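Student: Please take one part of this structure and describe it closely. I am interested in what covers it and how the surrounding elements are arranged.

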Amino acid sequence: MDKTDIKNLSKDGLVSALKSAGAEAYRAKQVFRWLYASGARSFDGMSDLPDGLRHKLKGIFHITRLTMLDSRKSKADGTTKYLLKLEDANAIEAVFLPEEDRASVCLSTQVGCRFACAFCASAPFGFIRNLKASEILDEVLFVRADNPRARITNLVFMGIGEPLDNYDNLLKAIRILNDPDAFNIGARRMTISTCGIIPGMKKLEREALQVELSVSLHSADEEVRSKLVPINNKYPLKELIPACREYTGNTGRVITFEYILIKGANASRGDALKLAKLLKGINCKVNTIACNKVSMKGYAEPSSADIRVFVRTLRDNGINVNHRKPRGEDIDAGCGQLRISRYRTLSE
Ligand code: SF4
C-alpha cells in the first residue's frame, strides 16, 4: 500500500487520518508543529508522541522533501535562487529575498506553465503538472532550513506557474502556512500573482482569507496585452478590469498591477495615460519595472527619461505607482529577472 503524503493533508484531514489510525485528535496539533514549525523530516524525532504512535505513523505516512539541484546567490543583495528537485525528478525554482531584518520567499505553484506569456522564462517549457500542497510547503521548508537565521515574513506566489490555475492546492498550502501551529505567516503577508484568471479571482474573493492579489497587466491596450499575456484573448481587459474593480470593492483590499515597461510596446506617455484611464477609481497600486533585454529576448528597455515620463504621468493622473530596480540581476538574468524584482516590491 502506498503511504499517504502527510503534508498534503489539511489540518482537518490530518485529524481524520490520525483518528483512523487510533490516535486522539489533539495529536494533529503536535504533528503539525513537528512538520512545519520544527521542519521534522522523520517521525523518529517527534519526541512528545508515544513510541507506538510514531511507529504507526511511519507505516502510514510519507514525509516528502526537496533536494537542491543548484543555487545561485547574488553578491549584490543576497538574493538566492534555488533549483529544487521534486520526488518525481521534476524541477522547480524558489527564490529567497533577504531584507535587513526579514525575508521573503518566492514560490512556484506548478511544474511549468500553460499560459505562455511572451516575456516569461517559464513559458517555453510548457505545462507539466500542478504542485501538490505538500510540495509548495516543502519549498518554504527548504528555503527556511537553508537560511536558518532569516526571519521569513512574506511569501509571494510568483514563481513558476500560474497560482490560480492550481487553486485547491494553493489554498490548502496557504491555510497551512497561515496556521499558528504550522508556519504562522499572516495571510496579508502572502501575495498571489495572476496573469488574470478571472474565475480564480472570483473564487478567491469569496474566501475568508486576507491574502494579497497582484495582477500582471503590462498593457492597457487589448491588442498589445494579448501579445504579451495571451490569456487576454480569453479574459480580455474589458472583463478583467471590471473583475478587479469588483474584487477590491467586495474585499476592501488594494489590488496590485504589475507592469513591465518595454520600449516601443507599452512605455510611452500615451500608454501611461491609457493605463491611468483604465485604472481610474480602482483601489490599486501599480508596480513598474523596466524589461531586461538579456532575459526578454526581442524586447528592449525604455530609456531612463522615458521611464521617468511614464511614471510621472501615472502619478500626475492619480495612480499610486512604484518603479523598482530589479534584484538578483547578477545571479541569473535569463530566468529570474522579472519575478525577482517583482517579489521585492510585493514584500514591502
Ligand atoms: S508569467 Fe506566470 S502565467 Fe505567464 S507564462 Fe510565466 S509563469 Fe505562466
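Tutor: What follows is a close look at one helix and its surroundings.

The model is a predicted one, in which local features need pLDDT of at least 70 and side-chain atom pairs count only at pLDDT 80 or more, whereas totals for chains, interfaces and linings use all residues. Residues are numbered from 1 along each chain as its sequence is written, and side-chain values use heavy atoms, with hydrogens and water left out. The average pLDDT (the predictor's confidence in each residue, from 0 to 100) is 92 for the chain, and 93% of the residues score at least 70. Over residues 333–348, pLDDT stays under 50; for that segment the model has 63 contacts (heavy atoms within 4.5 Å) beyond four places in sequence.

Helices (H or I, at least four residues) and strands (E, at least two) are DSSP runs, numbered from the N terminus.

In helix 5 the buried residues are Tyr-167, Asn-169, Leu-170, Leu-171, Ala-173, Ile-174, Ile-176 and Leu-177. An α-helix has 3.6 residues a turn, so residues three or four places apart point the same way. The cover over the buried residues of helix 5 includes helices 2, 4 and 6 together with strands 8, 9 and 10.

Helix 2 (27–37) is one of these covering elements. Among its own buried residues are Val-31, Phe-32 and Leu-35, and the buried residues of helix 2 pack against helix 1, helix 3, helix 4 and helix 5. Just after helix 2, Gly-39 takes a positive phi of about 70°.

Strand 9 (152–157) also contributes to the cover, and 6 of its 6 residues are buried. Two strands pair if DSSP finds at least two bridges between them. Strand 9 pairs with strand 6 in the parallel sense over 4 bridges, and it is joined to strand 10, again in parallel, by 3 bridges. Leu-155 of strand 9 stands opposite Val-105, and its bridge partner in strand 10 is Met-190.

The loop between helix 5 and strand 10 holds Asn-184, which has a positive phi of about 60° although it is not a glycine. Most residues other than glycine have a negative phi, and most peptide bonds are trans. Asn-184 counts as exposed because its relative accessible area is 51%.

Because its relative accessibility is 40%, Ala-116 counts as partly exposed. Ala-116 is also one of the residues around the ligand, together with Cys-113, Phe-115, Cys-117, Cys-120, Gly-161 and Cys-195; the criterion is a heavy atom within 4 Å. This shell divides into 6 nonpolar, 1 polar and no charged residues, where Ala, Val, Leu, Ile, Met, Phe, Trp, Tyr, Cys and Pro count as nonpolar, Asp, Glu, Lys and Arg as charged, and the others, Gly among them, as polar.

Methods. Buried < 20%, exposed > 50% of the residue type's maximum accessible area, 1.4 Å probe, protein only.
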